[in-house]
Amino acid sequence: MASALVSLNLIYPIRCPTDGDHLALPDQTQTNQPHHNESPPVKNRNLLSFLAGWLAAGSAGDGQTASAARPAATDETVHLNPFVVESDPTDSYSALNTTSITRFRTDLKIMPITADVFTESFMKDIGATDVESMLAEYSPAGFGGSNPTASGQGLGRPGDYNGQSSLVLRGVATGASMIRRNGFLPHWGGSDNFFMERVEVIRGPQSLLFGDGGAGGVVNNVAKQARFGAAVGELQLRTDEFGSLRSTVDYGRSFGRVAVRLAAVAEDTNYARLFSAKKQLGAYAQLAFRLTPQHTLRLSADRLRTQTIGSQPALTLRATGSLNGQFARLALAQGQSGGVANGSINWDNVDSFAGEYSQRKGQNDHVEAVWDANWTRWFSTQVSYGYDAATLRQVTTPSVLTAPGLSGNPTGVWAIQFTNLQDTRFLQDHQGFRAVATAEFDGLRGHHQLIGGAENNRPHNVFGVWRYYELDANGATIVTPAQATNINLGRNQLSTLQLGNAAWAPVGSGPVFEPLSAIGMHAYQDRISVNGRTYERQVAGGEGKVAATPQNPRGLGGTGWQGGNASRYAGFMAGTSRWLDRRLTTLYGVRRDRQSEIAWNNNDPMYRSSEASTTSFNLGANYRLRDGLHAFYGHSISSRPNGTSPGPDGVLLPPRSKGKGHEIGLKFDLLRERVSGSLAYYTVKSLGEAFLLQADYGTAVNPNGINGRRTPSSTWIGVDRDSAGVELLLTAQPFKGWRSRLNAGVIDGVMGESRSYAIYYNDQFHTDGRGGVTFGDGTPLLVKVNPNDNSPSAPTTQLTIAMMNTSSSPYFADLDPDNGRIRNAAFLGLTRSNSAGASVGTGVVGLPLARHQLNFTDPNGLKGSIPAVEAGLPTTSYAKYSLSWTNTYTISDGSLKGLMLGGTLRYKGKDRSYYYNNVTVDAAGRRQSRMRVFGLPDAEYVDLIASYGFRFGPKARLTLQLNIQNALDNSPVVILPNSASGAPQTARLIAEPRFAFMTATFNF
């Protein structure tokens, strides 16, 4: 280990716990002092660690050699910065310390908190490129929130996207701000790790630094640092069996009092499924200035742009017989897809029928400035400013694959209908300030390190919809002044009726990448021409679109626009004290937050505001039983405001939620630090915690009908949960060349209360009292007698309720079996307005399901409500038993010197994916329902790793690495039940099939 710390020692002295003060070294002088008195210096164990230290020493440029003597302090002394994490050995899976608990650097083994650190070396060996996938596969974690559904759990392959998922740790969710950057602002953008040197998972309700962390824990991404006296140079290329190419660069140098760190990524990745791909460009830079030997200023900036062609897991079939209304995935899994698209559907293309219209674009920008100051040997300060902005654009994906001749399909083959040409844009920006001070001193027969600070964070978000509106011959938007306050602000929106046959994209023999190329249209195109008319992509709604009023203070007009602002102030204090000749370490801390928040949207233009004050604290003790073995106990309470979000019923969530956690266990650091880790038992209570349900649950309860949906409404709910479990974390280097990392857990969480929501009827339409459908002004709604007759003189008739209730009628209403929503309302003409501006819909929402105007029979027996959670049921989105064990061995002698072989064994058992309402029918024909938990089958996966390194001179090295994930190809198909009824809904592979990729890394 000593050699791996050489580059660090050029700047920072290493603390010896037997001393009461920091050791101090003149600038650019090295030392080989041991890290602590329990672990004497360890000899160089292999060539890589020696080379890392040699390179770092060679870059210092002063030619000095190491000295074990302690020099006298001078005015030019550089003191150890308490806010900087020490470098870990470059070839190690273990981490020595963290700043993610208290902000000052703390030794992990003496903390009464469980922390799981993923080092850069480990991430490279397993080939991880994003944080979420790594956590889900290599730790006891899951994604999906408190009540995911079949649609959400159908997402499990590269290229899938689930924007509403949240991280689950210890059986409970972690809250909205689940991932942080450098212990400060939320990491809202892409989680690519090209500029990360480690990922730290702090488990339990830990809020001393993060404020709004959930009861499960928090994840902190630590960016690569510009280090004085150190040199880094790396170029990496990665390819796979699908022709992907990913390249990254990492470069760092020190130039006297200036240090620089640069990183970049360029990626063009293909996946197993047709069209699924990701392109991204990213760059990161940090400049560090040593203003004086005791003052350092760091300026960082990064940008990541991503374009992804994703999946369409919810594609529904419009057909005759049993296929009608089925998900295409379910038909494929049940062997019923032979007649769909000429039998061309398979698991490599079933999610690809939207082509480029399953596309999203993202951009994340982040800047950060940090000033560290060591005023004395015992007092330091840090002032930070950060700004993070993330933008996500996503095309609305068509969801129905229609057989020829049905629902007006004129193509003669299977086709996709584009009923709503629009895309959405979400912007989240966040800026924050933080000032902290830390003091280190002896007194009261102990050694103490205290930190106190304050911060202010200001998040802001906006969500908008973009659609196509008609232009005149001069390129100006056509606006009808008399309708300037309607949903389109008086503009002529491009509709399915205007598109006519052009709205149908034939896919008779399989998916087409550019489904609307026949009319010259592509996703995100700014202008298009249809039937001789020109349309421009414009925002559908926004602020200042209509005159402001007391009821609409922001002048919100149009549709599809919402936003919110918040301001958070916090003060916190934390400390560690070491007693009894440093055998006992105590941790204590308290944090007080105050948040005010306002939110608005088109359907609810009045401000919804909330204010909440919350208090969090930590208390724990760690006792050294013997050298390398510590016992610990920790208790923590996290509290966070729940904001302004309403539940599906429109009722606001509780003003605050609280997490309470206890953990007790052992931490070990044995065999001269060659084996380290922790074993812990924990309990967690999450009270009133706000978590986001999957979108289809909200759609089932409050469907987007003819008249929209009831507002305010969202899919946030607040429930109580209890969880308990055991975690084992271990990293080891038992002998030269062998590295091992084990992460195992048993999690058992249960719901503390029951919750269900009434179903709303939002499809009410006007009638003439005799069964005929009309516009609001009494004008009859006329439809073609033959919907496939597109001639100008096609005969028409008035649409009636009887026609919509008759299965043999071409205008038979397709009703959702869960909530009665009229799924083909646009085809029936129920969404139309006449020339006078009168609409068919009444505009009334939130009616009880008993007010349904059509013959809705409630086939799933839900009786007007859908349960969300039930007391005593297990919590979801994780496996009860999980294990990830990675081992690698590098040969350091002989003809095979430089060859590394290894792999990972991964296991998930007793999976708890999501709740579903199981509907059964007894012998008397009575329907009964009961909530159950669906879980994926138990599964074991084997990943293989092999690499070989070539050295070119003293500083250059080329390493070729082959990774084979799921080498045994364990990827069966499983059918997922419907969340509302328990009937089969969709299907998925439980894991990605066997996948191989090759990485070439050149270090210089």
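Two strands pair if DSSP finds at least two bridges between them. Helices (H or I, at least four residues) and strands (E, at least two) are themselves DSSP runs, numbered from the N terminus. By that rule, β7 and strand β9 (residues 217-223) are joined by 3 bridges and run parallel. Ile179 has Val219 in β9 as its bridge partner.

The model is a predicted one, in which local features need pLDDT of at least 70 and side-chain atom pairs count only at pLDDT 80 or more, while totals for chains, interfaces and linings use all residues. Residues are numbered from 1 along each chain as its sequence is written, and side-chain values use heavy atoms, with hydrogens and water left out.

Start with the whole chain. The chain holds 10 helices and 49 strands. Of its 1004 residues, 56% are buried. Buried means under 20% relative accessible area, exposed means over 50%, and partly exposed lies in between (1.4 Å probe, protein chains only). Contact means heavy atoms within 4.5 Å. Among contacts between residues at least 6 apart in sequence, 71% join residues at least 24 apart.

Return to β7. This strand belongs to an open sheet of 4 strands, ordered β3-β8-β9-β7, with mixed pairing. At the edges stand β3 (115-119) and β7 (179-181); each has a single partner strand, so one side of each is left without a neighbour in the sheet. From one strand to the next, the twist averages 20 degrees. Helix α4 (residues 131-138) packs on this sheet and touches β3, β7, β8 (196-203) and β9. The direction of α4 makes about 50 degrees with that of β8. Such angles run from 0 to 180 degrees between N-to-C directions, and the axes are lines fitted to C-alpha atoms, for helices over the stretch in contact.

A second open sheet also has 4 strands, in the order β15-β18-β19-β22, and its pairing is mixed. Its edge strands are β15 (316-318) and β22 (504-506), each pairing on one side only. Here the twist averages 30 degrees from one strand to the next. β15 and strand β18 (residues 400-402) run parallel, joined by 3 bridges. Arg318 stands opposite Thr402 in β18.

Strand β11 (residues 245-255) and strand β12 (residues 258-270) run antiparallel, with 11 bridges between them. Tyr251 is partnered by Leu262 in β12. The hairpin of β11 and β12 has 2 residues between the strands, and Gly256 takes a positive phi near 65 degrees there. β12 also pairs with strand β13 (residues 277-292), antiparallel over 13 bridges. Val258 stands opposite Phe289 in β13. This hairpin has 6 residues between the strands, and Phe275 takes a positive phi near 75 degrees.

Now the interior. A nonpolar core is a set of buried Ala, Val, Leu, Ile, Met, Phe, Trp, Tyr and Cys residues joined through side-chain atoms within 4.5 Å. The largest has 41 residues; Phe765, Leu799, Met804, Ile822 and Leu830 touch the most other members. Elements giving two or more residues to this core include α8 (695-701), β33 (716-732) and β43 (914-921). Another core lies apart from it, with 37 residues, among them Phe418, Leu421, Tyr468 and Ile528. Beyond its neighbours within four places in sequence, Met804 contacts residues including Phe765, Val773, Tyr811 and Leu854.

Aromatic rings come next. Rings of Phe, Tyr and Trp (its six-membered ring) pair if their centres lie within 6.5 Å; planes under 30 degrees apart count as stacked, over 60 as edge-to-face and the rest as tilted. The whole structure has 18 aromatic pairs. Phe194 and Phe195 have ring centres 4.9 Å apart and planes at 70 degrees, so this pair is edge-to-face. Both Phe194 and Phe195 are buried. Trp371 and Trp375 are also edge-to-face, 6.1 Å centre to centre with 80 degrees between the planes. Trp371 is partly exposed, at 32% relative accessible area, and Trp375 is partly exposed at 45%. Tyr93, Phe118, Phe122 and Tyr138 form one aromatic cluster.

Charges meet rings too. A charge sits over a ring if NZ of Lys or CZ of Arg is within 6 Å of the ring centre and within 35 degrees of the ring normal. Arg906 has its charged end over the ring of Tyr138, 5.7 Å from the centre. Arg491 lies over the face of Tyr469, 3.7 Å from the ring centre.
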